[in-house]
Amino acid sequence: MTGPRRDPDMVRPYVRTGGQIRPRADVRLESVVIAANGPTGALAADARLVMRLFAPGDGDPGGGGPRGGGLAVADIAAALEMPPSTVRILVSSLMDSGHLTSPPSALPDEPASDVLQEVLRGLRELV
Amino acid sequence: MVFGNWSDPSADPGRPVAYVPASVRRSAKIVVAGGFGVGKTTLIGSVSEVAPLRMEEPITEESTGVDDLRGTPGKTTTTVGMDFGRIHLAGGSLALYLFGLPGQIRFRPLWEDLTEGALGCLVLADTRNLDACHGALTLLEERGTPYAVAINTFPDAPAHPDAELREALALDPATPLTRCDARDRASSLYALITLAEYLTTRPAATHLDPLESLR
C-alpha cells in the first residue's frame, strides 16, 4: 500500500475554486477566519456561499442577534456540506482576494511547545 | 452550547453554525483516530463545547485491491465522514479542535489534510478488535505524528494487562497507553491530558524530520 500519492480531490476543487488547486500553507482545517472589509465584487457561487456565512444578519427573526463572527475552515465545510479540502482552497483564495482575514487579535504562529503547554494547562483546568 | 443563528430561508436549515468566540486568538487541533465504532465521535461529543459537526470528504479509491497499470483502473468514490468538536481553553483565547478520523489505510489522502499541523493524536482502541487501530498506527507513524493510545473501556470488552496490549499494538515503550470511558467527559479529558503530557515532555517535540518516522 505504498503507491504514488493519489489526489482524488484534484478535479472537484479545481472546478469549484476557479482553478486553484492548493490551499495556502497557513490555511488548515482549524484555521479561524473572519470577514474582512474587503471587496464585495463578483465571486463564484461557492465562494459566495462561504461569504454568506460571514454576512452580518439583517434582522434575524429568531431574535438571536446577527450572524457573523469567526469560523474555522472545518466549521465552514460542515455548515455548507462541502468537502473540507475544497473549503481550504476557497478560504485561501478569499484571503488572497481580501474577502477573509485572520481575526485581528490572532497571535502569530508560536513555537509548538508553547501551544502544547497551554493546551495541557487548559485541559487540566477542565477536570 | 452556543449556536449562531442559521435562519436564512434560502440556506440549508439543518446546519447550525457555532461561531468562534471573539476571544479566540489562536487555534490548534488534536486528531482522534481509530476504527469504526470505537467511540471517536462519542469521545468528541463528551468533551466538545459545541454540538459535534460532521464534514464529508469524497475520496477516490481503487475498487479492487489490485493495481491496474493499463490506464483504466476501476475506481470508486467513497464519502468519508469526519466528526469534530471544539473546546475553548485558556480563558477562551485558544480554540482546540478535535477531529475524528477513521483509521483505515485506504483513507490515507485524508490523513494528510487532517494531521497537517496537528499537535498529536489520540488513538482509541477496543480490546475486542485491536486490529482495527493498526491502520491508524501505521498512518501516524508514516506521518510522524505523535500519539497516545486510549483503550475505550466498553463494558463487555475483555480487560488485558498493559504489557499484552502494548505487545499486541507494537507500541514504543515511550508511547502512553491509557484507558477511558468515551461517554464520560472527565474520563475523556484525562485521556487527552495523557496525550498532552506526553506531547509536552517528549524530546524534540517540534522537529519535523519526515524521514524520522521511516527509520
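Biologist: Which residues touch the most other members of the largest nonpolar core?

Modeller: In this predicted model, they are A:Val91, B:Ile30, B:Leu122 and B:Val123. That core has 89 residues.

Biologist: What makes a set of residues a nonpolar core?

Modeller: Its members are buried Ala, Val, Leu, Ile, Met, Phe, Trp, Tyr and Cys residues, joined through C-beta atoms within 7 Å. Buried means that 20 or more other C-beta atoms lie within 10 Å of a residue's own; exposed means 12 or fewer, and partly exposed is in between, with C-beta atoms placed from the backbone. In soluble globular proteins, nonpolar side chains tend to be buried together.

Biologist: How are residues numbered and chains lettered, and what does the model count?

Modeller: Residues are numbered from 1 along each chain as its sequence is written, while chains are lettered from A and ligands numbered from 1 in the order in which they are written. Local features need pLDDT of at least 70, side-chain atom pairs count only at pLDDT 80 or more, and totals for chains, interfaces and linings use all residues.

Biologist: Which residues does A:Val91 touch?

Modeller: A:Val27, A:Val33, A:Val50, A:Val73, A:Ile76 and A:Leu100, leaving aside residues up to four places away in sequence. Contact requires C-beta atoms, placed from the backbone, within 7 Å.

Biologist: What is the pattern of chain A?

Modeller: Along the sequence, it reads α-β-α-β-α-α-β-α. That comes to five helices and three strands. Helices (H or I, at least four residues) and strands (E, at least two) are DSSP runs, numbered from the N terminus. Of the 127 residues in chain A, 41% are buried.

Biologist: Why is B:Ala90 called partly exposed?

Modeller: B:Ala90 has 18 C-beta neighbours inside 10 Å, so it counts as partly exposed. B:Ala90 lies in the loop between β3 (75–89) and β4 (94–102) of chain B. Its phi is near 55 degrees, a positive value in a residue other than glycine.

Biologist: Is B:Ala170 buried or exposed, and why?

Modeller: B:Ala170 has 10 other C-beta atoms within 10 Å, so it is exposed. B:Ala170 sits in the loop between α4 (162–169) and β7 (177–180) of chain B. B:Ala170 is not a glycine, yet has a positive phi of about 55 degrees.

Key. Contact = placed C-beta atoms within 7 Å.
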